[in-house]
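Reader: Could you take me through the salt bridges in this one? I'd like a close look at that part alone, in plain words.

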Amino acid sequence: MLPDLAAIEAAAKIVHAVMPPTPSYSWPLLCARTGTDLWVKHENHAPTGAFKIRGGLVYMKALRSAQPSVDGVIAATRGNHGQSVAIAASRHGLHPVIVVPQGNSREKNAAMRAQGAELVVYGSDFQEALEYAASLAQNRSLHMIGSFDEQLIRGAATYGMEFLEAVPDLDTVYVPIGLGSGICGVIAARDALDLHTEVVGVCAETAAAYALSFEAGHPVSTNSANTLADGMACRVPAPDAVAIIHARAARVVTVSDAEIEAAMRAYYTDTHNIAEGAGAAALAALIKERSAMAGRRVGVVLSGGNIDRDIYLRVLSGN
């Protein structure tokens, strides 16, 4: 299921026709904070403020080629995947319907509407929204786009390729896990470039489905996934993602919401970059493993910076 070098390079042409590569920076204050030679992959600088745009562009191009008669698509999201689907679908003349759970980010919802999405609110969490989206897809004859798919991995692998080509001698890269396209994309890029960089996944303690699945070697669902990091609020993992992560990742680290918030503040203090919860999770995991990683050359993926203003102000104030 993982794309090879040629497939990733083909995906990069699709992505780079719309956006340039995002930067990889080493920030001295973050290096001092973590005790490492630290590099940050700034996917928060992507056009939608998150890495997901890459997968949407690649997926929609493939869909248009394979099924030219499709005129509408549907997806469930907490926000970043939905923005990706909305903007990529609109570029190809497709009508995007996006299902979000109740209480979803107001600002992500506004962004999706501005990008052309028909927004549907249903359910108490992502999983309920996903199941409802699948039923709507049948009832309205819409093409269903999941949150974990081979084309989405190809898109995500383009940022992995950019990162590992820019900083090819990284010992370790920390990647947040939502449904798994991001970490699987980094693994694919690492393998395609024949590097020995270890890839470490990161989950929230209160949304630990992938950490539990990694430990068990098979999918393990949870009853809830309540975390500030809405991009990682998964309680039912994708089996194909679990298989890839279990086989090819070094480990999966869990971090608390308090540790995520501390990392969000660190990003602002040390770099003046905004990181949403999932975006800061990789740095939180590195800080948690600081003593073990001391002196190493490490990468973290700042996967997105889309967070509501009132929540961000609370986090910055430390309340």
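Author: Here is a walk through the salt bridges, starting with a linked group and ending with a separate pair.

First, some ground rules: this is a predicted model, where local features need pLDDT of at least 70, side-chain atom pairs count only at pLDDT 80 or more, and totals for chains, interfaces and linings use all residues. Residues are numbered from 1 along each chain as its sequence is written, and side-chain values use heavy atoms, with hydrogens and water left out.

Side chains of opposite charge can pair when their charged atoms come close. The structure has 17 salt bridges (a side-chain nitrogen of Lys or Arg within 4 Å of a carboxyl oxygen of Asp or Glu).

Lys-41, Glu-43, Arg-54 and Glu-162 are tied together in a salt-bridge network. Take Glu-43 and Arg-54: their closest N and O atoms sit 2.7 Å apart. Glu-43 is in the loop between β2 (37–42) and α3 (52–66), while Arg-54 belongs to helix α3, 11 residues apart (helices, H or I, of at least four residues and strands, E, of at least two are DSSP runs, numbered from the N terminus).

Arg-54 also pairs with Glu-162, at 2.9 Å from N to O. That bridge joins helix α3 to helix α7, across 108 residues. Arg-54 and Glu-162 are both buried, and so is Glu-43 (buried is under 20% relative accessible area, exposed over 50%, partly exposed in between, with a 1.4 Å probe and protein chains only).

Now for Asp-191 and Arg-190, whose closest N and O atoms are 2.5 Å apart. Asp-191 is partly exposed, at 31% relative accessible area, whereas Arg-190 is buried, at 9%.
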